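Good morning, colleagues. Please keep the model in view as we proceed.

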Amino acid sequence: ASKQALQNAARSYASRGAGGERDVVPRKVAILGAAGGIGQPLSLLMKMSPHVTNLALYDIAGTPGVAADVSHMNTIAKVKGFAGEDQLHEALEGSDVVIIPAGVPRKPGMTRDDLFKINASIVQGLIKACGEACPKALLNIISNPVNSTVPIAAETLKAMGVYDPKRLFGVTTLDLVRARTFYADAIGVDVNSVDVPVVGGHAGTTILPLFSQARHQGQAQKELSAEEIDALTKRTQDGGTEVVQAKAGKGSATLSMAYAGALFADSCLRGLNGTAQTSEYSMVQSEVTSCPFFASKVRLGPSGAEEILGLGELNELEQKGLDVAIAELTASVEKGVKFAKDGS
Ligand code: NAD
Ligand code: LMR
C-alpha cells in the first residue's frame with residue numbers, strides 16, 4: 001500500500017502544473033557542475049520538476065554517482081551522468097535549458113569578485129561548449145561573480161556568432177527568495193503572499209531590493225520604520241555573506257541556491273512551453289538603465305526573455321541606491337567584457 005501511495009504521490013507531483021503526464025512537452029535540462037554543493041540538490045529538484053523529461057548531469061568528476069542516485073526517483077525525467085570534458089558536448093546536445101553552477105565558492109573574508117580569477121575561465125569554457133552544442137538553449141548562469149560571468153558569456157557567444165540576448169540569464173532569484181523571506185518575517189504575513197522586487201546585480205550594493213514596491217496579502221502585524229527597511233535592505237544585500245560566515249570555510253549558500261535555481265529554471269521551461277504570464281527577475285542584457293546588463297523583471301516566453309520590464313517608481317533612498325548599484329555593476333560588466341576580449 002505504501003509503495004502505491006509513493007507512486008501516486010510521485011505521479012501527482014510529476015503532472016503538477018503540466019496538465020497531466022500525457023501533455024508533458026519533452027524538455028532536456030543540463031546542469032554543469034552537477035556534483036557540487038549547489039549541483040547535487042539542484043539535480044534532485046530538477047528531477048522532481050514536472051517540466052523535465054531528460055536530465056543531463058555534467059561535472060569534471062563525480063556525476064556518475066549523483067546520476068545513479070537521483071535516477072532511482074520515480075519521476076518522469078530520464079537521468080544521465082557525464083564526467084570529464086570529452087563528455088561535455090554529449091551532455092549539452094539537445095538541451096533546452098542549461099544551468100551553470102560550476103566554479104569555486106567564497107570563503108569568509110572574500111568578495112564574489114575574488115572568485116573572478118578562477119571562475120571566469122571555467123564559465124568561458126563551458127559557454128563555448130554551449131555555443132557549439134546547444135546554441136538555442138536558455139543559459140542560466142549561477143557561477144559567481146554573476147555581475148561579470150554574464151557579460152563574459154555574452155561576449156564569448158558573440159565571438160562565436162551565436163549570441164541571442166533573449167537566451168542568456170544571470171540567476172539572481174536567491175536575492176528575491178531572501179527579500180521575500182525577510183520581509184514576510186518582519187511584517188508578520190504569510191511568506192507565500194509577499195512580492196518584493198530586487199533589481200540591479202548580484203553582489204553587495206548592486207543588489208537593490210525595492211521595499212517601497214513590496215506587496216503582500218492579509219493584515220500586516222507591523223508597519224516598518226525607515227530604520228527597519230534599511231536593515232532589511234542591508235540583510236538582503238549581505239544574505240550571501242551571512243551564509244558564508246555561518247558555514248565558516250565550508251562554502252556558500254547551496255541549498256537555498258538550489259531551490260532558487262530550480263524555481264528559475266522551471267519558469268524558463270514554463271516560458272518555453274508557452275505558459276501564460278511567466279515572469280522572473282533576472283540579470284539580462286538591458287536598456288532599463290545605462291548599464292548594459294541589469295537585473296529586472298523579465299517576461300519569459302517561447303523565445304526566452306520576451307520583454308524586459310522597467311523599474312517602476314523608486315523612492316529617494318532607492319534612487320540613491322540605484323546610482324551606487326549602476327556604478328559598481330558597470331565596472332564589473334566592463335571587467336567581464338575585457339576578460340572575454342583579451343583574456344586579462
Ligand atoms: P562547489 O565547489 O561545491 O561546486 C562546484 C562544482 O563545480 C564542483 O563539483 C566542481 O567540480 C565543478 N566544476 C569546477 N570546474 C568545472 C568545469 N570546468 N566544468 C564543470 N564543473 C566544474 O561550489 P558551489 O557551492 O556549488 O558553488 C558554485 C558556484 O555558484 C560558486 O561560484 C558560487 O559562488 C556560486 N553561487 C551563486 C549564487 C547565485 O545566487 N548566483 C548562489 C550561491 C553560489
Ligand atoms: C549568495 O548570494 O549566496 C551567493 O552569491 C554566494 C556568495 O558568495 O554569497
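Helix α5, residues 116-133, supplies the largest share of the shell around ligand 1, namely four residues. Helices here are DSSP runs of H or I with at least four residues, and strands are runs of E with at least two, numbered from the N terminus. This is a predicted model, in which local features need pLDDT of at least 70 and side-chain atom pairs count only at pLDDT 80 or more, while totals for chains, interfaces and linings use all residues. Residues are numbered from 1 along each chain as its sequence is written, and chains are lettered from A and ligands numbered from 1 in the order in which they are written.

The shell of ligand 1 holds 32 residues, of which Gly 33, Gly 36, Gly 37, Ala 102 and Asn 144 come nearest. A residue is near a molecule if its C-beta atom, placed from the backbone, lies within 6 Å of it. By class, this shell has 17 nonpolar, 13 polar and two charged residues. Ala, Val, Leu, Ile, Met, Phe, Trp, Tyr, Cys and Pro count as nonpolar, Asp, Glu, Lys and Arg as charged, and the others, Gly among them, as polar.

I turn to ligand 2. Around ligand 2 there are 13 residues, and Arg 106, Asn 144, Gly 240, Ser 252 and Ala 253 come nearest. Helix α9, residues 239-247, gives the largest share of this shell, five residues. The classes are five nonpolar, six polar and two charged.

α5 packs with helix α6, residues 146-160, at an angle of about 35 degrees, their axes being 9 Å apart. Axes are lines fitted to C-alpha atoms, for helices over the stretch in contact, and angles run from 0 to 180 degrees between N-to-C directions. In the contact of α5 with α6 there are eight nonpolar, six polar and one charged residues.

How are α7 and α10 oriented to each other? Helix α7 (residues 173-187) and helix α10 (residues 255-272) pack at an angle of about 110 degrees, with axes 8 Å apart. The two helices, α7 and α10, are therefore roughly perpendicular to each other, a term that covers 65 to 115 degrees. Thr 173, Leu 174 and Val 177 of α7 take part in the contact, with residues of α10 including Met 257, Tyr 259 and Phe 264. Contact requires C-beta atoms, placed from the backbone, within 7 Å. The contact of α7 with α10 comprises seven nonpolar, three polar and no charged residues.

Notes:
Angles under 35 degrees count as roughly parallel, over 145 as roughly antiparallel, 65 to 115 as roughly perpendicular and the rest as oblique. Two residues are in contact if their C-beta atoms, placed from the backbone, lie within 7 Å.
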